[in-house]
Every structure is written in structure tokens, then in C-alpha cells.
Amino acid sequence: MSAEDPDTPAEDEEEDIRYFVRIGQTDLDGTKSVERALTGMNGVGRRAARIIAAEADVDRTATLGRLDDDAVDSIIEHVEGFAEDVPAWLTNRPTDYFTGETTHEVGNDLSLTRQQDINRMQMISSYKGVRHERGQKVRGQRTKSTGRSEGTIGVNVEAIQEEMEEEAEGE
């Protein structure tokens, strides 16, 4: 083969790759491995991505953009049905407040559900809801010395030195 021949294997492999794979409402990077790309979704961590790849019978180190449509469809089915495949303690919503069902929220549904939970806590004025309203820490962390968001802490030595120099020049 000559250097000008366009049918080299390296170029064919690059052309077969899909750079974006859409799962749910999320575009995943097709150049990454299956396990790494799945962690780009909200609600899917490294452990969940590994379980999804194993359940879908897909090599977790394979490049996501090079998988055929059947493998991608299998991954999509296992992402959507993750709560049925794993024990309840591995899901991110073991008991829903209204239905009591075990679900695993993924993508935009996760942030929407979390915001609804926070709004419900604020409406009933629970302790956690009040802490959310005030913008304080909710889970019992220290607040005496950490989590300060306003103003500077401590003494700003440079500003004091500049003021002293200006006063010395003025005299």
C-alpha cells in the first residue's frame, strides 16, 4: 500500500466512531470507554457504570462510539431499568416519598426530584428545610469555623501597611 492510498485501517477506524452517543437526555463522549463515558451522566457513578456494562454484556473498556446500535440499545435499557437489576441499597432513591417505590433517577430527573424534595421540606418547615432556606449547612457539619461565605477572615496585613504608608506620606 502506498502512503496516498485512502483505505488504510487507521483512517477507517477513525471514521467509524460516533463522537456523541445520546442516552436519555444526555450526550455522552463516544471517544471514552463505556465505563468512563457512563459516569458523565448524573446519577451514574463508577460502580453503577461497571454494573450496567456487565449487565448489558458489553466490554467496559471498549470505546463507546465504536459499539454497534444493538449494544448501545442494550446499555440504554439497562440504564433505564437499573433499579430492577440491583438491590435497593445501591439505588439513589430507595423509597420514594409518595409511592414508596425503589427507583434510580438519572439525568435531569435526578436534579428535578432533588429540587422537589428540598421544596417540600421548605414548605413543611422541617429542620432541613429551614437550613436550606437560610443557606446553612444541612447535614450537621461544623459551622463555627467553616462555611463562611461573607467577607474576609482574619487580618489583611497588606491593606493595613498601605494605609500606614499613605498616612506617613500625608504628614
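A residue is called buried when its relative accessible area is under 20%, exposed when the area is over 50%, and partly exposed in between, with a 1.4 Å probe and protein chains only. Met164 is exposed, because its relative accessible area is 54%. The model is predicted: local features need pLDDT of at least 70, side-chain atom pairs count only at pLDDT 80 or more, and totals for chains, interfaces and linings use all residues. Residues are numbered from 1 along each chain as its sequence is written, and side-chain values use heavy atoms, with hydrogens and water left out.

**Fold and surface**

The protein chain has eight helices and two strands, taken as DSSP runs numbered from the N terminus (helices H or I, at least four residues; strands E, at least two). Their order from the N terminus is α-β-β-α-α-α-α-α-α-α. Of the 171 residues of the protein chain, 29% are buried. The accessible surface comes to about 12,600 Å², and 46% of this belongs to carbon and sulfur atoms; areas follow the Shrake-Rupley method with a 1.4 Å probe, and for residues only the protein chains shown count as cover. With contact meaning heavy atoms within 4.5 Å, residues 24 or more positions apart account for 43% of the contacts with a separation of 6 or more.

Met164 is located in helix α8 (residues 157-170). Together with Val155, Val157 and Ile160, Met164 forms a nonpolar surface patch with about 400 Å² of accessible area. Patches consist of residues with over 30% relative accessible area and no salt bridge; like charges are joined within 9 Å and nonpolar side chains (Val, Leu, Ile, Met, Phe, Trp, Tyr) within 5 Å.

**Nonpolar core**

A nonpolar core is a set of buried Ala, Val, Leu, Ile, Met, Phe, Trp, Tyr and Cys residues joined through side-chain atoms within 4.5 Å. The largest one has 25 residues, and Ile23, Leu38 and Ile75 have the most contacts inside it. Two or more residues each come from β1 (20-23), α2 (34-38), α3 (46-55) and α4 (69-80). Helix α4 gives the largest share, five residues. Beyond its neighbours within four places in sequence, Leu38 contacts Ile23, Leu28, Val44, Ala49, Ile52, Ile75 and Val79.

**Salt bridges**

The structure holds seven salt bridges, each a side-chain nitrogen of Lys or Arg within 4 Å of a carboxyl oxygen of Asp or Glu. The table lists examples.

| Pair | N to O distance |
|---|---|
| Asp69 and Arg18 | 3.3 Å |
| Arg60 and Glu35 | 2.7 Å |
| Asp117 and Arg120 | 3.3 Å |

The side chains of Asp69 and Arg18 meet in a salt bridge. Asp69 lies in helix α4 and Arg18 in the loop between α1 (9-15) and β1, so this pair ties together parts that are 51 residues apart in sequence. Asp69 is partly exposed at 47% relative accessibility, and Arg18 is partly exposed at 32%.

The side chains of Arg60 and Glu35 also form a salt bridge. Because Arg60 lies in the loop between α3 and α4 and Glu35 in helix α2, this pair ties together parts that are 25 residues apart in sequence. Glu35 counts as buried at 13% relative accessibility, whereas Arg60 is partly exposed at 32%.

Asp117 and Arg120 both lie in helix α6 (residues 108-123), three residues apart, about one turn of the helix. Both residues are buried. Salt bridges with shared partners join Arg93, Asp96, Asp117 and Arg120 into one network.
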